[in-house]
Structure formats: C-alpha cells, structure tokens
Amino acid sequence: MNGEFGFLINPLKGEFLGISITPLPDHTNRLEAIQKDSNRDGFYYPPQIATYNVDLKTNKRKNKVARSERPASLFFLPSSHQITIQNPICKDGEKGTDEALIVFLLAYIHGTRLMPSQWKFDGRVPIKSVNNIYITGSTTLHFLEHVYTWWKALSENQRIKFVNILYVFNRARSLEWEWDAFLHQYIVFDALYDLHHEFNPPSQRPKLKERFNILCEKYSVFNEDLVNRIYSTRNDLFHEAMWVGSTIGFGSPDKEAYQLPYHLARLNAQLICGITGYKNQYTRLPWWVMGTLEFDKMS
C-alpha cells in the first residue's frame with residue numbers, strides 16, 4: 001500500500017516493521033510554498049472559494065456568482081511525505097487504517113495536524129508545532145514501531161477507537177475558541193478512559209471525577225488542584241453552557257481560563273503515550289508545566 005500525507009515540515013525519513021516514510025523529493029520547495037501561504041501566527045487558514053455558473057452543454061465554468069466568496073469548509077493541503085505499508089492489518093473499508101494510525105501519530109508527536117492525501121482538512125491547520133514536546137527522529141521511529149506493534153494486537157473496534165482518539169486530539173489544535181478546544185480534549189479524555197476500561201475492567205464503574213485518579217495513577221502524574229478545576233469547568237460547560245463564569249464565546253473573567261485546554265491537552269498527550277505501554281520519563285513529568293518537555297526513548 002502506497003500513499004502520501006502532509007503537511008509535516010520535518011523531513012522525517014525511516015523504516016520499521018514493513019513501513020517506510022520518506023519526504024517527497026521537492027519537500028523543501030513545498031515547505032517554502034506552504035509557509036508563504038500561512039499566517040504569521042503559524043497556522044494555514046482555509047482558502048477562499050466561490051460559486052461559478054457552468055455551461056450545461058460543455059460543463060465548463062463560466063462567470064463567478066456575485067457575493068459568493070467564502071472560506072472553504074473543507075480543503076486539501078499539499079503532501080509532504082510518502083508512506084509505504086507492506087501487509088497492512090486493516091482491510092479495505094475499515095475506518096481506522098494503518099495509514100491513518102501512522103499519520104495521526106506523527107501529528108500527535110510533532111504538534112501539528114496531518115492527513116492522508118485523500119483526506120480533507122477543516123478549519124485552520126497548525127504548520128508550526130503547537131505542543132510542548134521535543135523529540136528526535138530516532139525516538140520518533142522507535143515510538144511509531146512500538147505503537148504499531150501494540151495497535152495491531154488490538155481488536156478491530158479498539159483499533160478504530162484509538163485512531164479516533166488521535167484524530168480528535170489533533171483536530172482540537174485547529175480550534176480557536178478556548179471552550180471548544182477544552183470540550184474536544186475532554187472528549188479525548190473520556191475516550192481514553194473508555195479504552196482503559198476495556199483493558200482493565202473494574203468491579204464497578206467509577207464516578208467521572210475518579211477517572212482522573214485512575215488514569216493519572218496508571219499512566220501519568222496527578223495534580224489534585226488542577227484536576228478539580230478541570231472537572232468543575234467540565235460540569236459548568238456540559239450542564240450550564242458556561243465557560244469559567246461566562247457565556248461561551250464571550251471570554252471569561254478568570255484570566256487563567258485560557259490555560260485549561262492546554263493543561264488538559266498536555267495531560268491527554270501523556271495518557272496517549274502511557275496507554276500504549278510506551279514507558280518513558282516523559283509520562284512522569286508534570287503536565288501542567290508550560291515549558292518544553294523531552295519525549296525520550298523508552299528504556
């Protein structure tokens with residue numbers, strides 16, 4: 001199986017378990033072009049589209065319809081890399097494919113959003129990294145190899161669930177509203193717990209707040225004060241349509257509210273790593289720290 005994906009600014013190259021990843025020959029030129037079209041804030045925004053009249057006989061486009069310009073709801077980005085997968089485990093038609101797993105894992109670890117070439121993007125796309133992770137190329141390949149081995153041993157339904165977790169986690173990076181990003185990250189947290197629950201069925205289903213204790217104890221580190229804040233914010237958002245003391249979309253009187261989706265994203269990033277069994281020092285570092293953390297190779 002051969003395919004392309006993008007856009008990853010890192011010209012990563014390597015092979016593992018029958019999978020080959022190589023930058024396209026003109027990666028440098030493609031990178032220059034996409035950086036030229038990106039905003040100075042590091043995001044690529046949807047291009048403008050318009051409606052055109054079409055000649056019904058020739059099926060050719062004629063004149064543009066007045067006042068029909070708008071940002072595209074869905075759009076493609078140029079590819080940056082080629083991926084080759086020998087003997088993929090997923091059959092044609094399955095939702096969570098081998099290709100999607102590898103591409104979404106690369107986006108997760110490099111702090112961006114990537115898609116297979118036949119998939120469209122929605123919303124803005126981070127071109128520059130937006131996570132707090134530093135990782136080397138060799139560690140990236142080692143991590144991909146480990147997760148791919150772990151993932152292939154899952155049931156089909158579990159494979160789809162994990163790919164969906166990665167997709168929503170990465171999609172949250174495109175969102176501009178704090179409450180919207182927080183909502184997406186809480187969906188990811190719940191989905192991670194559901195997957196953990198399948199791997200480790202408890203005698204009775206714990207309450208929502210206890211899930212933080214369970215996942216942090218198993219895969220990450222715990223911060224009681226911050227977890228309490230995240231949980232109370234979740235309740236206000238889900239049950240009262242309130243974002244930290246304000247109507248959603250109107251900001252918040254709490255000057256630290258903007259940090260909450262970032263805190264939850266960093267926790268989820270560690271949980272994603274931990275649930276795959278990739279035991280490294282990264283998952284034992286404080287996820288509430290704003291600075292850069294090294295994603296080290298599992299010993």
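A residue counts as buried here when its relative accessible area is under 20%. This is a predicted model, so please hear every value as computed from it. By that cut-off Phe189 is buried, because its relative accessibility is 0%. Tyr186 is buried as well, at 1%.

Those two belong together. Both sit in helix H5, three residues apart, which is about one turn of the helix. For a pair of aromatic rings we quote the distance of the centres and the angle of the planes. For Tyr186 and Phe189 the centres are 5.7 Å apart and the planes are at 55°, so this pair is tilted.

Leaving out residues up to four places away in sequence, Arg234 touches Phe182, Tyr186, Leu208 and His239. What is the nearest side chain of opposite charge to Arg234? It is Asp190, 5.1 Å away. A salt bridge would need a side-chain nitrogen within 4 Å of a carboxyl oxygen. Arg234 is therefore buried with no salt bridge, given that cut-off.

Back to rings. The whole structure has 21 aromatic pairs. One of them is Trp150 with Phe162, an edge-to-face pair with 4.9 Å between centres and 75° between planes. This pair links distant parts of the chain: Trp150 is in helix H3, Phe162 is in helix H4, and they are twelve residues apart. Both residues are buried. Elsewhere, ring pairs join Tyr108, Phe143, Phe169, Tyr278, Tyr282 and Phe295 into a cluster.

Two arginines sit over ring faces. Arg61 lies over Tyr52, 4.1 Å from the ring centre, and Arg159 lies over Trp151, at 5.7 Å.

Next, helix H6, residues 210-219. Its buried residues are Arg211, Phe212, Leu215, Cys216 and Tyr219. Seen down the helix axis they fall within an arc of 120°, so they line one face of H6. The cover over these buried residues includes helices H5, H7 and H8.

Last, a loop residue. Thr292 lies in the loop between H8 and strand S13. Is Thr292 buried or exposed? It is exposed, with a relative accessible area of 62%. Even so, Thr292 touches Asn132, Ile133 and Tyr134, again not counting residues up to four places away in sequence.

How values were computed. Residues numbered from 1 in each chain as written. Predicted model: local features only at pLDDT ≥ 70, side-chain atom pairs only at ≥ 80, totals over all residues. Heavy atoms only, no water. Buried < 20%, exposed > 50% of the residue type's maximum accessible area, 1.4 Å probe, protein only. Helix = DSSP H or I, 4+ residues; strand = E, 2+ residues; numbered from the N terminus. Arc of directions from axis to C-beta. Contact = heavy atoms within 4.5 Å. Lys, Arg positive; Asp, Glu negative; His and termini not counted. Phe/Tyr/Trp six-rings, centres within 6.5 Å; stacked < 30°, edge-to-face > 60°. Lys NZ or Arg CZ within 6 Å of the ring centre and 35° of its normal.
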